[in-house]
Amino acid sequence: MKLHSIHLQNYRGITDARVEFTDGVTVVEGPNEVGKSSIHQAITHLRDDKSSSRKGSIKDIQPVGADVGPEVELHLSTGGYELKYRKRWLKQQETQLNVLRPAPEQLSSDDAHDRFLAILDETVDVDLLVALDVAQGESLAQAPLAQIKALHSALSESGAEVADHDDFLDRVEAEYLKYFTAKGRETGEYKELIAQVPVVEAAYEDLLERSRGMDDLVDNHARAAARLETVRIQLTQASEDKEEAEKASAAIAELKTVLDQVTDRAKSAARDEQIARESLDRRTTLIEEVTAAEDAVDAGSKEVSELESSQKEQDTEFETAQKAVDAKQEVLNASRSSAKDLTRELTRARARADLTDLSQRLETVRDHDERRTQAQATIASIAVTSRDVETLNSLATDLRIAENAKTSAAARIVATQVGDQAVTVDDAVVGQGATEDVAVVKDVHITIGGIADITIRPGISPAELDQAITSAKRAFDTECERLGVDSVEQARERAHRRADAEAVLAEATSTLKALLGNEERTTLEAKLARAQELAGANVEDSAGDDDSADDESSAERETDTADEADTTATRSIKEFEAAVEEAEKAADTAQRDLDAARTSLDRLRTSRDEARVATVRAQTTLQEASAQHVRLKESLEQARAAAADEDLETAVKAAASESEAIAAKVTEARANYEAADPETLEMQLQNARQLVLSKETQRETDRQKVDQLSALIDDRASEGIYEKLAAAEETMESARRRLSRLRRQARAIDLLRSTVLAHKEEAQRKYVAPFKEQIERLGRLVFGPGLSVDVSENLEIVSRTLNERTVAFESLSGGTKEQLALIGRLAVATLVDSDSGAPVILDDAFGFADAERLNALNVILGTVGQRAQVILLTCQPDRFGNIGGATTVSLS
């Protein structure tokens with residue numbers, strides 16, 4: 001069959017269009033909606049729908065808004081016929097068939113329609129015509145090729161013909177389905193017997209097992225009854241053993257009570273001994289501290305004496321050197337002394353009398369608890385510590401040194417009364433022949449009775465000395481303000497009070513810890529009340545709070561020590577230059593002597609200042625040591641007034657003796673308790689109790705077991721197990737015989753079916769081989785030489801294998817499925833006889849192909865076009881621009 005031309009009038013959007021087709025490849029191109037798909041649709045309507053048809057698809061082809069009838073005329077050749085076939089639908093309906101050869105014919109209306117279909121049926125396989133006609137959007141689906149007779153004829157001629165044994169195969173399949181499902185699983189009676197045989201076998205085995213268990217039940221019943229009697233005898237003996245163990249346990253409990261009582265007394269005696277020893281240790285430590293303080297005072301006095309003697313010698317040397325250099329050089333003859341008064345009061349806890357009972361001990365606890373509370377309150381109210389006093393004293397020393405340095409740098413007046421007239425310096429009378437030495441740091445008034453009244457004003461001191469005094473004064477005042485005191489003595493007095501309170505707190509806390517141990521005061525009071533109750537005496541707690549206050553006394557000493565700094569009033573530069581100029585004029589020798597004297601004076605000044613600083617520091621250390629010695633000595637005297645040293649030693653010995661005596665009683669009580677072996681007896685008692693419980697439990701278990709076995713024996717005896725066992729055996733053997741027969745039949749039909757199907761598949765493979773080979777031959781142009789396909793007996797592509805990788809057709813990409821489906825149609829076009837063949841019509845095909853594959857498809861289309869007519873409808877003419885021998889027709 002070949003199409004020569006088609007003429008469309010008033011068809012959809014086409015007013016009048018004619019397209020001529022070649023025998024090879026014709027490409028009909030044009031923009032979207034120009035009417036390309038209408039050509040494909042018009043051929044289908046012309047073949048299938050009468051001109052009188054009013055169905056919806058016919059109404060859809062009428063132009064919108066035009067009262068005209070769609071008209072199509074097709075010029076074609078098929079078999080030995082050449083004809084023109086025309087139809088007009090809806091308006092002025094008409095059908096015309098004009099047969100041009102072999103014999104002219106002119107028919108109209110339904111006669112023309114019927115004659116056209118008859119010619120098609122005579123000359124062409126309509127199924128082939130439909131298969132090779134691919135509408136827009138249908139390119140992904142495979143064509144139904146199995147019913148195409150022309151293809152069957154072509155395959156039969158080129159390959160093996162499949163024998164027609166369908167009736168036989170149907171009978172085999174029907175027989176097979178009696179035993180198996182289509183998927184090969186057992187079914188019907190065969191399946192039921194396969195399931196039934198294990199059930200009856202299990203029932204038989206169950207009855208067999210129950211029959212065997214009948215005798216076991218009788219034997220077990222006899223053994224259980226004997227075991228129950230044995231347990232009853234063992235339970236009686238275990239109960240007797242438990243009663244004896246409980247009596248022995250009661251005796252052990254009495255020994256344990258005695259041991260606990262003497263142990264408590266031993267702990268009390270140990271606490272008393274600990275308190276006595278701690279009091280003695282504190283007394284020994286205090287004596288050693290007093291001795292060490294005396295040694296420190298002696299050593300300090302000796303050092304101060306030596307330093308003061310050395311300082312006097314150096315002062316004398318410095319004064320001599322000062323006179324030799326120049327009268328205008330001022331003598332720094334200040335001595336630095338400082339006084340430091342450390343007073344610390346330490347209130348030691350009063351020696352406690354040796355306590356002999358709980359009442360005295362509780363009274364002591366209350367006393368120390370109150371002292372601890374008072375000490376804590378004192379500590380909380382005083383923030384000054386010994387370290388703060390040391391810091392403040394150091395700042396005061398620095399201030400005195402700065403003031404003494406300024407004094408040493410000032411001019412000095414040495415006044416001596418040589419006559420009878422009275423001489424006073426700042427209201428101080430200078431005696432006959434006496435000398436008064438005064439540093440001019442403020443206005444100094446000198447009066448000579450009846451002769452003169454002289455006022456001497458100080459000059460301007462060096463700025464660095466004033467700055468040093470200001471800095472030292474500021475630091476001292478800041479520290480006083482922080483501590484809330486006005487002087488070092490006040491800070492020392494508060495620090496001593498805090499130190500005494502800390503000592504009292506430490507002593508009270510230590511004593512309370514020794515008195516109470518791990519107990520609380522309320523526990524001790526409860527023990528006292530309990531002891532009174534046990535003693536049967538109505539003892540009232542007469543322990544009261546004994547408030548005692550240790551008078552704190554502090555002696556304030558104010559020591560002003562003159563401290564001379566390393567400063568000497570010197571001439572100004574101008575004066576010095578003038579003096580040098582004058583000295584040079586006098587003689588070079590005198591200048592060298594003066595320079596040497598000044599150098600010696602500087603050295604002596606440095607040595608003198610160092611001696612003065614050392615003397616002041618030694619004096620301060622001596623004052624601190626003296627104050628420490630006084631405080632420690634007072635504390636020792638107060639402690640001895642409360643309790644003599646011999647009394648403390650006697651208390652320690654008495655407490656140790658008491659502790660040893662009670663310890664002996666504890667040892668005796670523990671020996672008696674351990675001799676009774678309480679652990680062994682306790683384990684025996686627990687074992688006896690557990691044994692009674694376990695035997696009672698075992699007796700109940702064995703009794704229930706006997707009852708259970710008796711019931712089972714009665715139940716089995718009433719069932720008729722042996723009769724049921726014989727019936728079950730017969731049922732099982734019958735089912736086995738029937739299953740064996742059906743299994744042989746099923747295996748036979750399964751073997752027959754698999755053999756027939758194997759031969760059929762081999763014949764089918766040979767039958768589809770030419771079609772498969774043609775697809776692979778064309779497809780290798782697109783996919784490469786490694787392509788192979790699997791084709792089913794329905795001539796459908798099942799899978800594609802490329803480079804040894806197989807993928808099912810439905811799992812391929814859209815483009816690959818389209819290309820393989822269209823290659824299958826093209827393969828059919830090349831296999832069928834050209835006289836009985838049909839044109840390949842592809843509407844907008846290969847839209848999923850890339851450029852490389854599209855070029856290969858162009859080659860395939862050109863090859864197919866040499867044997868069959870190919871009509872391509874496309875809006876992209878470049879897609880098919882590489883087809884050799886193709887004719888392009890443009891629609892506009």
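Two strands count as paired if DSSP finds at least two bridges between them. Strands here are DSSP runs of E, at least two residues long, and helices are runs of H or I, at least four residues, all numbered from the N terminus. With that in hand, take β5, residues 81-88, and β6, residues 94-101: they pair antiparallel over 7 bridges.

Quick housekeeping. What you're looking at is a predicted model, so local features need pLDDT of at least 70 and side-chain atom pairs count only at pLDDT 80 or more, while totals for chains, interfaces and linings use all residues. Residues are numbered from 1 along each chain as its sequence is written, and side-chain values use heavy atoms, with hydrogens and water left out.

Okay, zooming out. That pair belongs to an open, antiparallel sheet of 6 strands, ordered β2-β1-β4-β5-β6-β7. From one strand to the next, the twist averages 10°; axes are lines fitted to C-alpha atoms, for helices over the stretch in contact, and angles run from 0 to 180 degrees between N-to-C directions.

Now the helices on that sheet. α1, residues 36-48, packs on it and touches β1, β2, β4 and β5, with its direction at about 100° to that of β1. Contact, by the way, means heavy atoms within 4.5 Å. α3, residues 109-123, packs on the sheet too, touching β4, β5, β6 and β7, and its direction makes about 140° with that of β5.

There's also an open sheet of 5 strands, β8-β20-β21-β3-β22, with parallel pairing. Its edge strands are β8 (133-134) and β22 (887-890). Inside it, β3 (25-29) and β21 (870-874) run parallel, joined by 5 bridges, and T26 has I871 in β21 as its bridge partner.

Last stop, the core. A nonpolar core is a set of buried Ala, Val, Leu, Ile, Met, Phe, Trp, Tyr and Cys residues joined through side-chain atoms within 4.5 Å, and buried means under 20% relative accessible area, with a 1.4 Å probe and protein chains only. Which residues touch the most other members of the largest one? Those are I6 and F846, out of 88 residues. The largest share, 7 residues, comes from α18. That helix, residues 814-831, is mostly covered, with 16 of its 18 residues buried.

Technical notes:
Buried < 20%, exposed > 50% of the residue type's maximum accessible area, 1.4 Å probe, protein only.
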